[in-house]
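This briefing walks through selected features of the structure shown below, grouped by topic. Please read it alongside the sequence and the coordinates.

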Amino acid sequence: MEEKDLVIIGGGPAGLCAAISARKKGIDVLIIDENLRPGGQLFKQIHRFFGSKEHMAGVRGFVIGEKLLKEVKELGVEVWLNSIAYGIFKDKVIGVIKDGKNILVKAKSIIISTGATENPLSFPNWTLPGVMGAGACQTMINIHRVLPGKKVLMIGSGNVGLIVSYQLLQAGAEVVGVVEIMPKIGGYLVHAAKIKRFGVPIYLSTTILEGVGKEEIEGAIICPVDENFKPIIKKKKYIEVDLICIAVGLTPLNELLYQAGCLFTYKGYLGGMVALHNENMETTVENIFVAGDCSGIEEASTAMEEGKLAGISVAEKIRGKKWEDEKDQIRKRLDDFRIGTFGEKRKLSKEEIVREYYERVKTW
Amino acid sequence: MKNKKIICRCKEITEEEIIEVIKKGIRDIDGIKRALGAGMGLCQGKTCTNLIIRIINRETGIPIEKIRQQTSRAPVRPIQIKIISD
C-alpha cells in the first residue's frame, strides 16, 4: 500500500489550486484524475471569466488552466492521470485503478474535488441520439472540435445554456432557439445579449414536450406554459432540429464523500445534497476536505478559492502552523465573488453549511 | 415504447412503471431500485436519481430534501471486477 500526506481526488480548478497551495507550504501532494489531462472543465471554457482582477476576470478559462498546469508541474506535484479513484474505505484508504492495476493509497488527508454531473431532463424520445447535455456538447465542440449537430435547440437559459449556444454559433451551427420554462432569462444578460445579436430567439415560459424522430432526433415540439408551468397545448409548435441540448443545471458529484462517512445537508441553491464543512473546508470526517462544485455548484472562480483554502488548511494541520491571514484573504475573495441574485443565495447557503457543521459536530 | 418517457435509460425503466410502484407505497430511491432495478445500470443512477426524486416529490408531495438518497458504495465508476479481485 502506498502512503501519502495529501491525496486530491479530481484535478479540476479546485483540485489544482488545492495542490499548488499545499505544495507551496511544503506538503507532498498526489492528484488523482480520471481524465487524460487535468484541468477539469477549464479547457473548454473559451470565454472570458467574470469577477474582479483578483478573480482573474477577463482571462479565458483555458488560459487559467494552462497557468495552473504549469505551476503544478514546476512545483513537482505528483499527478496520476487516467486513474479512477473508485472508492474510499476505512482509515482513509483510497482504491485507485491506474494503468489497469488496482492500487490502494493510504492518505493522511484527502481533498475531494470531484466536480459535478449535468442534470438530465426527461421527455418522450430524450433517449434518441441527438439529445445531449450542454456541457457534453461544449466538450465536443471546444476540446474535440466535433460539431454534434447543425440545427440546435437549447433547453435552459442559465449561463451554461447561453454560453454554449454562443459557442455553437461560433463553431458553425445554427441555434434555432433557447427554451426557458421560467418567465425570465436565467443567466447573465451579457451572455444573452451575445446570442440575441445573432437573432437567436429565447422562448420564455416555454417547455419542451417531446423530441421527434425515429432513429435519431429530427425535431422537437415546444409549448408555452401558464403561470403554474402547465403546458398550453393548443399553442404547441414543431421545430426542425437535429440536436437538443439540455442545460438545466448541475448536481454535485458526491459519492466518495458519502462513502467516506461525511454528513450531508440539502441546499437547493447549491445543486442538491452537499457535505457539511467548516470555514476551512474540512468535512465532518476529520482530515477529509471538500472543494469546488462537489461542495455546491458555483463557478470555477469560487472553486479555485475553495481549493486554496482546503490546501492551506491541510498544510496547517500536517505542519502544525497557522496561516490565518492568508486564509482570511481567500474567504474575503469568496465573499466578494458571491454577490448578485444567485451569488447572495449561494453565500447564505454556504454560511448555513458551516453553521450546520458545528451543530452536528457538537451533537455527535 | 411510443411516447413513453424513459427515466432510467440504462435499464429502460419508464415513468409509468415508477409511478406504479410509488402508488404501492415506495417512497425512496433504494426502494425504487429494489422494485424495478432503476439506477442499477452502467451509470449507477447518476442520470436518473434526480429524475426519480422529482417524480416521488410530484406524486407524494414529500419535499425533495426529505427523500432518501441511494446508498453509495464502491466502485463509483464501472470497473472490471477482476482488476480489484487480484
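The model is predicted.

**Helix packing in chain A**

- The two helices concerned are helix H4 (residues 159-170) of chain A and helix H5 (residues 189-197) of chain A, whose axes come within 9 Å and cross at roughly 35 degrees.
- H4(A) contributes A:Asn159, A:Leu162, A:Ile163, A:Ser165, A:Tyr166 and A:Leu169 to the contact, while H5(A) contributes A:His191, A:Ala192, A:Lys194 and A:Ile195.
- Sorted by class, this contact of H4(A) with H5(A) holds 6 nonpolar, 3 polar and 1 charged residues.

**The surroundings of A:Gly10**

- A:Gly10 lies in the loop between strand S1 (2-9) and helix H1 (13-24) of chain A.
- A:Gly10 counts as buried because it has 29 C-beta neighbours inside 10 Å, where 20 or more are required.
- When its neighbours within four places in sequence are left aside, the residues in contact with A:Gly10 are A:Gly15, A:Asp33, A:Ile112, A:Ser113, A:Thr114 and A:Gly115.

**Paired strands in chain A**

- Strand S12 (residues 206-212) of chain A and strand S13 (residues 219-224) of chain A run antiparallel and are joined by 6 bridges, with A:Thr207 having A:Cys223 in S13(A) as its bridge partner.
- S12(A) and S13(A) form a hairpin with 6 residues between them, and in the turn A:Gly213 has a positive phi of about 160 degrees.
- S13(A) is also joined by 4 bridges to strand S14 (residues 237-240) of chain A, and these two strands run antiparallel, with A:Gly219 standing opposite A:Glu240 in S14(A).

**The contact between chains A and B**

- The contact between the chains takes 22 residues from chain A and 22 residues from chain B.
- On the side of chain B that touches chain A, the elements that give two or more residues are strand S1 (6-8), helix H3 (48-60) and helix H4 (81-85) of chain B.
- By class, that side of chain B consists of 9 nonpolar, 5 polar and 8 charged residues.

Note on methods:
Residues are numbered from 1 along each chain as its sequence is written. Chains are lettered from A and ligands numbered from 1 in the order in which they are written. This is a predicted model: local features need pLDDT of at least 70, side-chain atom pairs count only at pLDDT 80 or more; totals for chains, interfaces and linings use all residues. Two residues are in contact if their C-beta atoms, placed from the backbone, lie within 7 Å. Ala, Val, Leu, Ile, Met, Phe, Trp, Tyr, Cys and Pro count as nonpolar, Asp, Glu, Lys and Arg as charged, and the others, Gly among them, as polar. Axes are lines fitted to C-alpha atoms, for helices over the stretch in contact, and angles run from 0 to 180 degrees between N-to-C directions. A residue is buried if 20 or more other C-beta atoms lie within 10 Å of its own, exposed if 12 or fewer, and partly exposed in between; C-beta atoms are placed from the backbone. Two strands pair if DSSP finds at least two bridges between them.
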